[in-house]
Amino acid sequence: RTLADYSADYGKTENVRSANRMTASLKTDFDLGRRSYCYNVASGGYDEIRKIDAHYEVGPGLGYHAYKGSAFELDVEGGVNYQAQYRSTGANNDSVYLRAGEDITWKLNSRLSVTKKFEFFVNVDDPEQFRFRLDANVSYKLIENLSLNLSLLDQYDTDPAPKVGRNELQIRSTIGITF
């Protein structure tokens with residue numbers, strides 16, 4: 001299974017730019033058995049608000065289908081990622097991180113679904129440096145390939161660019177297109 005994802009966010013709050021980011025990712029899973037799988041993920045993009053001119057990451061790992069029902073799925077994963085950030089402040093960052101993650105999909109009915117993805121990264125060389133990303137979505141299918149989404153995005157980084165807060169929390173409404 002291969003999943004490609006692309007997102008671009010731009011927003012203003014009280015006439016101040018509050019979002020300007022683009023991210024693309026490609027994740028490939030290969031089942032090793034009924035419950036276990038291996039994966040590789042690659043992603044990249046930019047985030048003007050967090051002063052990241054460009055970033056990318058790549059890394060393999062192992063996963064486990066902890067629960068796989070007709071309406072509810074839970075996957076847990078662990079792996080290693082190389083991550084690089086090129087910041088507009090000049091304080092670039094590249095390191096190897098251990099990654100732990102989980103993915104939940106809950107289909108409440110044929111039109112309404114809830115998804116949650118959580119990823120935690122700890123720096124191999126400096127365990128006090130870590131990042132996490134929580135992305136939770138409620139999606140309502142309008143027609144076959146078009147949905148209305150309400151999302152919560154929470155990102156935390158113990159080592160952000162200078163003059164950037166460690167935590168960023170956003171609530172977004174979007175239109176989704178599925179191919």
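Trainee: How many aromatic pairs does the count come to in this structure?

Mentor: Rings of Phe, Tyr and Trp (its six-membered ring) pair if their centres lie within 6.5 Å; planes under 30 degrees apart count as stacked, over 60 as edge-to-face and the rest as tilted. By this rule, there are eight aromatic pairs. In one of them, the ring centres of tyrosine 56 and tyrosine 86 are 6.4 Å apart and the planes meet at 25°, so this pair is stacked. The two residues are 30 residues apart and link distant parts of the chain: tyrosine 56 belongs to strand 4 (residues 52-68) and tyrosine 86 to strand 5 (residues 72-87). Strands (E, at least two residues) are DSSP runs, numbered from the N terminus. The model is predicted: local features need pLDDT of at least 70, side-chain atom pairs count only at pLDDT 80 or more, and totals for chains, interfaces and linings use all residues. Residues are numbered from 1 along each chain as its sequence is written, and side-chain values use heavy atoms, with hydrogens and water left out.

Trainee: Is tyrosine 56 buried, partly exposed or exposed?

Mentor: Buried means under 20% relative accessible area, exposed over 50%, and partly exposed in between (1.4 Å probe, protein chains only). Tyrosine 56 has a relative accessible area of 36%, so tyrosine 56 is partly exposed. Tyrosine 86 is partly exposed because its relative accessible area is 36%.

Trainee: Why is the pair of tyrosine 67 and phenylalanine 72 tilted?

Mentor: The planes of these two rings stand at 50°, with centres 6.0 Å apart, so the pair is tilted. Tyrosine 67, at 46% relative accessibility, is partly exposed, and so is phenylalanine 72, at 28%.

Trainee: Which residues do ring pairs link into a cluster?

Mentor: The cluster consists of Phe118, Phe120, Phe130, Phe132 and Tyr156.

Trainee: What lies over the face of tyrosine 39?

Mentor: A charge sits over a ring if NZ of Lys or CZ of Arg is within 6 Å of the ring centre and within 35 degrees of the ring normal. Here lysine 27 lies over that face, 5.0 Å from the ring centre.

Trainee: With which side chain does glutamate 102 make a polar contact?

Mentor: A polar contact is a pair of N or O atoms within 3.5 Å; within protein, one must be able to donate a hydrogen and the other to accept it, and residues adjacent in sequence count only if both atoms are side-chain atoms. The partner of glutamate 102 is the side chain of lysine 116, at 2.5 Å. Glutamate 102 lies in strand 6 (residues 93-107) and counts as buried, at 16% relative accessibility.

Terms used:
Helices (H or I, at least four residues) and strands (E, at least two) are DSSP runs, numbered from the N terminus.
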